[in-house]
Amino acid sequence: MEKTENLIKSEDLDLSFKYIVKNEPGGEGIMKCYACGTCTASCPVRAIDETFNPRRIIRMVLLGMKKEVLSSDFVWICSTCYICQERCPQDVSITELMGALKNIAVKEGYIHPGFKAQIQAIYSLGALYEIGEFENKKREKMGLPKLTSQRKEIEKIFEITGLSKIAKEEE
Amino acid sequence: MRYAFFLGCTIPVREIHYELSARKVAEEFGIELIHEPEFSCCGFPVKSVSHETALLMSARNLAIAEEKKLPIVTLCNGCVVTLIEANHEFKKNPELLQKINEKLEKVSGKKYKGTVKVKHFARVLYEDIGIEKIKEKIRYPLKGFRLAPHYGCHYFKPSEVYDRVDDPENPHTLDELIEALGATVSGGMKKNACCGGAILGIKEDVALQMSFEKLDFLVMNNTDAMVSICPFCSVMYDGNQKKIAKSFERELNLPVLYYTQLLGLALGYPPEELGFSKNRIKPKDFLTKFEKSYPSK
């Protein structure tokens, strides 16, 4: 008997996935990929961690492996160095494409806890780090101007785009 | 030369030596840095999760500078690429700008027309001041120092949004800025390496190894210091260096200094005023070597 559990089954594929990606800002170029592998060969993350393979990710999208891509850890480990994007002979804009995949993953309810923590920090502090009395006193001593937290403004932006929903989620 | 000074999140809290030294250098060259308390986070950390939210944050910041009729200067590669990319997208797609503006007006009563120029401080030094003028002002050249440029990916990539001012495979502007100090450029092969900072919170072991590889290479190549122009890269190479040395069982001890600190030193400012005590890897040997070159200083 042949093993079947690792096979890709056509009934599990979502053939519309590539169009969803194509319509997402940054994903426009996906259909142009001819799988040359320049991206994967150039990638500094891939050089260390073989679970990250941009060529493979693009193939998976084109095949329609929606759930496998969006629920994966690997979409989150692009370091956004842009080497693949600069070298891609087909102008797929791979770094932007990885951004599009992450954006879609978030909309589908998958967000990496590391990114969620970042979003929560910005939502609650208005910045990556707290700007309070302590920080301003330190700055004042060095003759540097006072910083003002823009937390309220950021909060309003997060509310209007709906990102506040994710920021408010419990772990 | 007047710029709205965009500090971002990391520099004014965690990398104050960068701000201190940049302010000194700016003063020396007549670059007026206007403090703008209304600026917020640029949007960079949000882009991966919600492109629209990031664009709104960028547009809001850009609109603030536009109201004041000022171009923006930043010290951070993350901030500069985020604001420039937003500008690029708005220019390519006016409908997008219109949509963003509709929401921006609702949340903060602002509207962005798309007129603000954004530049990295190192680019201002390179383009607006120029190598020759920098050389003229140097009083204490860093002769005999081997300095390794670290551009940081977002300083010149994606090259499309930067109009290819630097070659994406072989950037040169920071090399020239370092040579203007009288120093020798070292570790050129790894000058455009990626620090891994963007995935530090996602896959720490990979991020740290990315940083380790460059640090290790520079130490083997007798480098006096790495030259950084990005707070995220410095957090990786300087802030995390002890952790990296420990996990890879390698003695590194490589100072990671901001270009503005080195320029300030060569201009004649005392190290204390340039925040040299705030670098995590203490540049003690570096400063001793400098003092020995100028015993009468």
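Domain bounds here come from an automatic or database domain assignment. The model is predicted, so local features need pLDDT of at least 70 and side-chain atom pairs count only at pLDDT 80 or more, while totals for chains, interfaces and linings use all residues. Residues are numbered from 1 along each chain as its sequence is written, and chains are lettered from A and ligands numbered from 1 in the order in which they are written.

**Exercise 1.** Find how many Å separate the centres of domain 1 and domain 2 of chain B, then describe their contact.

*Solution.*
- Start with the bounds: domain 1 of chain B covers 2–120, and domain 2 covers 139–283.
- Taken over C-alpha atoms, the centres of these two domains of chain B are 24 Å apart.
- Next, the contact (C-beta atoms, placed from the backbone, within 7 Å) takes 21 residues from domain 1 of chain B and 22 residues from domain 2 of chain B.
- On the domain 1 side, H2 and helix H4 (77–92) of chain B each supply at least two residues; helices (H or I, at least four residues) and strands (E, at least two) are DSSP runs, numbered from the N terminus.
- H2(B) gives the most to that side, with nine residues.

**Exercise 2.** Work out which element of chain B gives the largest share of the side that touches chain A.

*Solution.*
- The contact between the chains takes 44 residues from chain B and 46 residues from chain A.
- Helices giving two or more residues to the chain B side include H1 (11–14), H3 (51–67) and H9 (204–220) of chain B.
- The largest share, six residues, belongs to H3(B).
- By class, the chain B side has 22 nonpolar, twelve polar and ten charged residues. Ala, Val, Leu, Ile, Met, Phe, Trp, Tyr, Cys and Pro count as nonpolar, Asp, Glu, Lys and Arg as charged, and the others, Gly among them, as polar.

**Exercise 3.** Trace the open sheet of four strands in chain B and explain why E6 and E8 each have one side without a neighbour.

*Solution.*
- The strand order is E6-E5-E7-E8 (chain B), with parallel pairing; two strands pair if DSSP finds at least two bridges between them.
- Strands E6 (184–185) and E8 (256–258) of chain B stand at the edges with a single partner strand each, so one side of each lacks a neighbour in the sheet.
- Now look at one pair: two bridges join E5 (residues 146–150) of chain B to E6(B).
- Within this pairing, Arg146(B) has Thr184(B) as its bridge partner in E6(B).

Terms used:
Contact = placed C-beta atoms within 7 Å.
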